[in-house]
Amino acid sequence: MLKTRFTETFGVTHPIVQGGMQWVGRAELAAAVSDAGALGIITALTQPTPEALAGEIAKARELTDKPFGVNLTILPSINPPPYDEYRHAIAESGVKIVETAGASPEPHMPFFKDHGIKVLHKCTSVRHALRAEKVGVDGVSIDGFECAGHPGEDDIPGLVLIPAAADKLSIPIIASGGIADERGLVAALALGADGVNMGTRFMSTQESWIHQNVKDRIVEATERETSLIFRPLRNTARVARNEISTKVVSMLDEGAQFEDIRELVAGVRGREVYESGDLDAGVWSVGMVQGLIQDVPSARELVERMVSGAEQIINGRLAGFIN
Ligand SMILES: Cc1cc2nc3c(=O)[nH]c(=O)nc-3n(C[C@H](O)[C@H](O)[C@H](O)COP(=O)(O)O)c2cc1C
């Protein structure tokens with residue numbers, strides 16, 4: 001057993017989190033991860049309405065009696081989703097852990113605190129983590145440049161970002177991005193983190209509903225096969241390198257505006273990849289860590305082997321260095 005400030009504060013057995021994943025983070029995956037003693041997270045905006053989110057939470061609750069969380073990603077948008085209603089659906093469903101991401105959690109904190117909900121805020125820089133700590137979050141997940149999804153614009157990998165954050169913060173820190181196995185878990189703890197958050201690794205588990213072609217592709221792909229799209233728009237996202245991401249990168253490099261690529265990067269096209277298994281149907285998030293993924297285990301198998309593997313590294317290889 002690995003006991004950390006994260007496991008203590010959030011009431012989770014193992015210091016491992018399955019981060020929010022648009023389209024991927026549904027009840028079956030979150031419940032399987034939580035049932036294995038880690039923290040599974042349902043992604044709120046994958047559900048089309050707050051009512052559908054309440055239904056998804058109820059489904060997860062039928063699958064496990066362990067705590068799980070809900071991710072609320074707050075992004076600037078012309079037509080913002082009804083965040084207040086999603087928040088209410090989370091609280092009314094009795095969920096006690098929320099992962100916020102995308103923007104400052106500040107406007108949502110009074111509501112979450114009033115409802116006894118613990119907040120784990122995901123961000124990509126020390127300064128954003130400090131701001132989140134100041135507004136009262138219970139922990140921060142910090143995504144290094146390696147991560148799938150939005151790594152921010154600073155390009156600081158976890159090896160520097162996590163200890164830099166640990167030097168400044170007092171609340172529990174979860175290292176995120178580039179972690180897939182017990183080596184990453186031990187490294188994160190050594191760098192000063194209290195646990196790890198993983199996206200790509202949990203995408204390729206048995207309980208993740210996505211098409212087998214996508215999981216097979218993650219197993220086959222190397223760490224070099226991701227693309228950073230939206231760089232010139234300062235909204236960088238790391239996605240699988242495919243026909244569409246390559247096209248989007250070159251169009252933006254040649255001066256295209258968001259309007260010109262809007263259709264290519266539409267969220268529904270990404271969902272289509274997961275549903276149909278057509279890897280070039282749209283852009284889809286994946287991290288560099290795909291290069292370390294060689295199988296598609298169950299969530300339980302993954303969590304158990306990471307924890308026992310980490311204990312072996314600490315007690316064996318690392319202890320063996322001490323003379
Ligand atoms: C398919 C996919 C979708 C994601 N969608 C979201 C999202 O909607 N909100 C969010 O906060 N993070 C999202 N992420 C980021 C993950 O929660 C996590 O921070 C990231 O995957 C960590 O990097 P890793 O993939 O190297 O483990 C997504 C990641 C993946 C792989």
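This is a predicted model: local features need pLDDT of at least 70, side-chain atom pairs count only at pLDDT 80 or more; totals for chains, interfaces and linings use all residues.
Biologist: How many helices and strands does the chain have?
Modeller: The chain has 14 helices and ten strands. Helices (H or I, at least four residues) and strands (E, at least two) are DSSP runs, numbered from the N terminus.

Biologist: And how compact is the chain?
Modeller: Its radius of gyration is 19 Å, close to the 20 Å that the globule rule gives for 323 residues, so the chain is as compact as a globular protein of that length. The radius is taken over C-alpha atoms, and the rule is 2.2 Å times the number of residues to the power 0.38. The C-alpha trace spans about 55 × 45 × 35 Å along its principal axes.

Biologist: What share of the residues is buried?
Modeller: Of the 323 residues, 46% count as buried. Buried means that 20 or more other C-beta atoms lie within 10 Å of the residue's own; exposed means 12 or fewer, partly exposed is in between, and C-beta atoms are placed from the backbone.

Biologist: Switching to the ligand. Which residues come nearest?
Modeller: Gly19, Ala101, Gly199, Thr200 and Gly287 come nearest, out of 29 residues around the ligand. A residue is near a molecule if its C-beta atom, placed from the backbone, lies within 6 Å of it.

Biologist: Which element gives the most to that shell?
Modeller: H9, with three residues. Strand S3 (69-73), strand S8 (195-198) and helix H9 (200-203) each supply at least two.

Biologist: How do the shell residues divide into nonpolar, polar and charged?
Modeller: Ten are nonpolar, 15 polar and four charged. Ala, Val, Leu, Ile, Met, Phe, Trp, Tyr, Cys and Pro count as nonpolar, Asp, Glu, Lys and Arg as charged, and the others, Gly among them, as polar.

Biologist: Back to S3. Are its faces covered or open?
Modeller: Both are covered: Gly69, Asn71 and Thr73 are buried on one side, and Val70 and Leu72 on the other. In a regular strand the side chains alternate between the two faces of the sheet.

Biologist: Which strands pair with S3?
Modeller: Strand S2 (residues 41-43) runs parallel to S3, joined by three bridges, and Ile41 stands opposite Gly69. Strand S4 (residues 97-101) also pairs with S3 in the parallel sense, over four bridges. There, Thr73 has Ala101 as its bridge partner. Pairing requires that DSSP finds at least two bridges between two strands.

Biologist: How does the chain cross from S3 to S4?
Modeller: Through helix H4 (residues 83-92), in a right-handed β-α-β crossover. Right-handed means that, with the strands pointing away from the viewer, the path from the first strand over the helix to the second runs clockwise.

Biologist: And S8, which strands pair with that one?
Modeller: Strand S1 (residues 16-18) pairs with S8 in the parallel sense over three bridges, and Gln18 has Met198 as its partner. Strand S7 (residues 173-176) is parallel to S8 too, through three bridges. S7, helix H8 (residues 182-191) and S8 form a right-handed β-α-β unit.

Biologist: Last one: why does Leu302 count as buried?
Modeller: Because Leu302 has 27 C-beta neighbours inside 10 Å. Leu302 is in helix H14 (residues 299-321).

Methods
Residues are numbered from 1 along each chain as its sequence is written.
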